[in-house]
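Student: Could we go through this structure together, one feature at a time? I would like to learn how to read each one.

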Amino acid sequence: MRYKFLTAAFAATVALNFAGPAAATDLEVTHWWTSGGEAAAVAEFAKAFDATGNHWVDGAIAGSGGTARPIMISRITGGDPMGATQFNHGRQAEELVQAGLMRDLTDIATKGKWTEVVRPKSLLDSCTIDGKIYCVPVNIHSWQWLWLSNEAFQKAGVPVPKNWDEFVAAAPALEKAGIIPLAVGGQPWQASGAFDVLLAAVGGSDAFLKVYKEKDAKFAGGPEIAKVFKAADDARKMAKNTNVQDWNQATNLVITGKAGGQIMGDWAQGEFQVAGKTAGKDYTCLPGLGLNEVIATGGDAFYFPLLKDADKSKAQEVLAETLLDPKTQVAFNLKKGSLPVRGDVDLNAANDCMKKGLAILAKGAVIPWTDQLLSQDSQKQKEDLFSEFFAKSDMTLEEAQKRFADIIASAD
Amino acid sequence: MSKSERPNQLFRNLNAKVASIPMILTALVVFVGGTAWTVLYSFTNSKLLPRLNFVGIDQYYRLWATPRWLVSIENLLIYGVISLVFSLVVGFILAALLDQKIRFEDTFRTIFLYPFALSFIVTGLVWQWLLNPDFGIQRVVRDLGWTSFSFDPLYNSSIVIYGISIAALWQGTGLIMCLMLAGLRGIDEDIWKAARVDGIPMWKTYLFIVIPMMRPVFITTLVIIAAGIVKVYDLVVAQTSGGPGIASEVPAKYVYDYMFFAQNLGQGFAASTMMLLSVVIVIVPWAYLEFGGKKRG
């Protein structure tokens with residue numbers, strides 16, 4: 001079967017050399033941006049691409065990345081590739097690239113001087129395999145945010161916390177006012193992501209890298225990480241009454257003041273915007289949970305499968321350029337709530353929270369994210385562990401930490 | 001056709017044999033071939049794409065050390081016992097009641113069979129709403145005045161699998177009832193008359209005469225229920241997606257999640273091979289008794 005793919009891939013490379021005349025071409029783009037804020041953002045891409053005389057065929061797959069990725073991958077491996085597809089850059093598409101199913105974008109990247117405009121540099125590094133560039137990073141998403149509802153704290157009669165510790169201290173007052181202190185949805189990645197944020201905030205950037213980059217299992221089972229598990233235990237107690245599944249439903253609890261706060265990536269900001277809330281007035285954001293102001297440079301990127309059709313291949317090039325265009329970058333990222341991947345764009349329209357993020361980025365306080373450091377397999381094991389941990393209040397910290405260390409020991 | 005010539009055996013009913021070649025090929029390539037391929041690759045460390053890089057039984061070792069797999073197996077056992085016992089018992093009782101020559105039998109039969117027309121996904125969603133504490137049964141009862149009433153099986157780790165079983169029973173019992181009813185109608189009227197003449201009470205007639213006579217129907221039903229148990233997946237996805245935490249995970253979901261979400265084909269294949277093995281362990285002795293017995297008799 002692999003032989004067949006390789007032949008197809010080879011045929012496609014040959015076809016590329018006979019690129020036909022440029023004309024309006026339909027290009028299907030798959031992604032999992034379906035919540036209100038996300039859909040508004042992706043429409044900006046579609047608009048910009050349509051303006052180049054091509055046509056963006058929207059292939060949105062509902063149900064977050066976990067549901068969408070298997071569909072995308074099976075379409076690519078099954079011989080029915082789309083024109084372009086979203087992945088979180090890092091290791092999700094690694095094997096597809098190694099199998100020769102993805103298009104090498106190095107030429108376009110050299111032409112557009114991507115290495116100069118894209119910052120931080122680690123973004124493009126995540127797209128690079130064996131010296132060749134295979135994806136276009138479109139935004140920087142960082143998980144390290146605590147979103148707080150000012151209204152909820154007002155109702156509970158406590159000041160809006162300035163960091164995680166104050167938030168934990170305020171939890172009893174919130175509960176007394178009938179408010180869920182912390183909203184954590186039931187999808188497994190939410191629990192696992194919240195833990196990673198706590199690890200970077202409570203444990204610090206070095207601890208984070210030691211666990212996920214160096215995969216030091218002994219350290220992961222040690223006393224420093226035990227502190228992180230203690231914080232995770234606080235989070236578990238504060239989240240125990242959340243009866244929602246999806247992340248945006250959990251964000252909605254914060255927006256409506258039914259929950260005090262949520263640990264969620266900056267994509268949550270798009271939801272606040274769609275709901276017409278103002279940063280600083282209606283809600284407060286604390287990067288790095290107010291403890292360790294770093295942001296992770298995870299994010300989304302577009303990959304381009306190798307296609308046989310010359311017109312479509314041409315359109316892929318146009319799309320790749322459009323995605324990184326300064327104007328598109330600003331329009332998209334303002335709607336999405338994420339940070340642009342170019343340092344040379346004007347972001348005066350950015351709100352308070354985004355400005356905080358940009359400032360941290362300018363300081364260079366960045367860490368790579370788990371998508372870049374761990375394989376999907378290890379990520380899934382982690383998700384299983386933390387979704388169990390958050391749902392089962394009688395699971396001891398020692399047991400959880402031991403299992404965590406085991407996962408790190410076998411991680412690749 | 002002379003009966004003495006043996007070689008002719010192969011060419012007897014030649015048309016029928018030619019016609020069945022596509023199905024034979026499908027069975028061999030898709031079922032047997034696919035199974036063999038899966039088992040073979042379960043001994044490799046294939047990640048996103050299948051690779052023949054053998055690692056022995058590492059995948060199985062990891063599988064049986066994974067808490068989520070153990071929870072899945074336990075849930076499957078609980079779910080299996082519940083759906084087997086309850087759908088047989090409830091299905092039979094409903095069928096026996098319908099068999100009492102009651103009025104509007106057609107109407108009742110339709111009502112009981114209707115849930116079966118829904119897919120597991122729809123069933124799962126309906127029951128997810130019904131069992132949701134904020135808008136479902138609990139809310140209705142609380143609004144009626146019993147404010148301390150609590151019924152939220154889907155949000156309680158220790159009983160969530162029973163919440164899923166309720167939905168499965170609601171959906172599947174109607175079909176079992178129909179099969180049983182067909183079986184009951186197949187019992188000769190004279191048997192009932194004879195039992196009545198002998199003064200045997202009705203429940204005894206059912207238990208000791210009718211049920212043993214319905215053995216073939218029971219076997220068919222058993223196979224249908226058992227197949228449904230092993231492959232349960234969509235119901236769980238629709239109702240809880242395995243939650244809270246991993247409390248309602250089932251083996252089929254483990255296979256899917258590890259093959260596609262975790263991009264670890266080897267692990268998914270190992271899990272599906274274990275599922276196949278469990279089916280084989282159940283089916284083979286039964287098939288031996290069932291079909292082997294016929295030859296002797």
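**Reading the model**

Tutor: Gladly! Let's start with a helix on a sheet: helix H2 (residues 36–50) of chain A lies across S1 and S2 of chain A and runs at about 155° to S2(A). Helices (H or I, at least four residues) and strands (E, at least two) are DSSP runs, numbered from the N terminus. Axes are lines fitted to C-alpha atoms, for helices over the stretch in contact, and angles run from 0 to 180 degrees between N-to-C directions. This is a predicted model, in which local features need pLDDT of at least 70 and side-chain atom pairs count only at pLDDT 80 or more, while totals for chains, interfaces and linings use all residues. Residues are numbered from 1 along each chain as its sequence is written, and chains are lettered from A and ligands numbered from 1 in the order in which they are written.

Student: In what order do the five strands of the open sheet in chain A come?

Tutor: In general, strands of a sheet pair through backbone hydrogen bonds, either parallel or antiparallel. Two strands pair here if DSSP finds at least two bridges between them. In chain A the order is S2-S1-S3-S12-S6, with mixed pairing. Strands S2 (55–60) and S6 (135–137) of chain A each have a single partner strand and stand at the edges, so one side of each is left without a neighbour in the sheet. On average, neighbouring strands of this sheet are turned by 25° against each other, direction ignored.

Student: Which residue of S3(A) is the bridge partner of Val29(A)?

Tutor: That is Ala84(A). Strand S1 (residues 26–31) and strand S3 (residues 84–88) of chain A run parallel, joined by two bridges.

Student: How many residues of chain A are in contact with chain B?

Tutor: Contact means that the C-beta atoms of two residues, placed from the backbone, lie within 7 Å. By that rule, 20 residues of chain A are in contact with 21 residues of chain B. On the chain A side, the elements that give two or more residues are helices H3 (64–77), H4 (94–98) and H20 (376–391). H20(A) gives the most, with eight residues.

Student: What are the domains of chain B?

Tutor: Domain bounds come from an automatic or database domain assignment. For chain B this gives domain 1 (1–41) and domain 2 (58–296), with C-alpha centres 34 Å apart. Their contact takes four residues from domain 1 of chain B and six residues from domain 2 of chain B.
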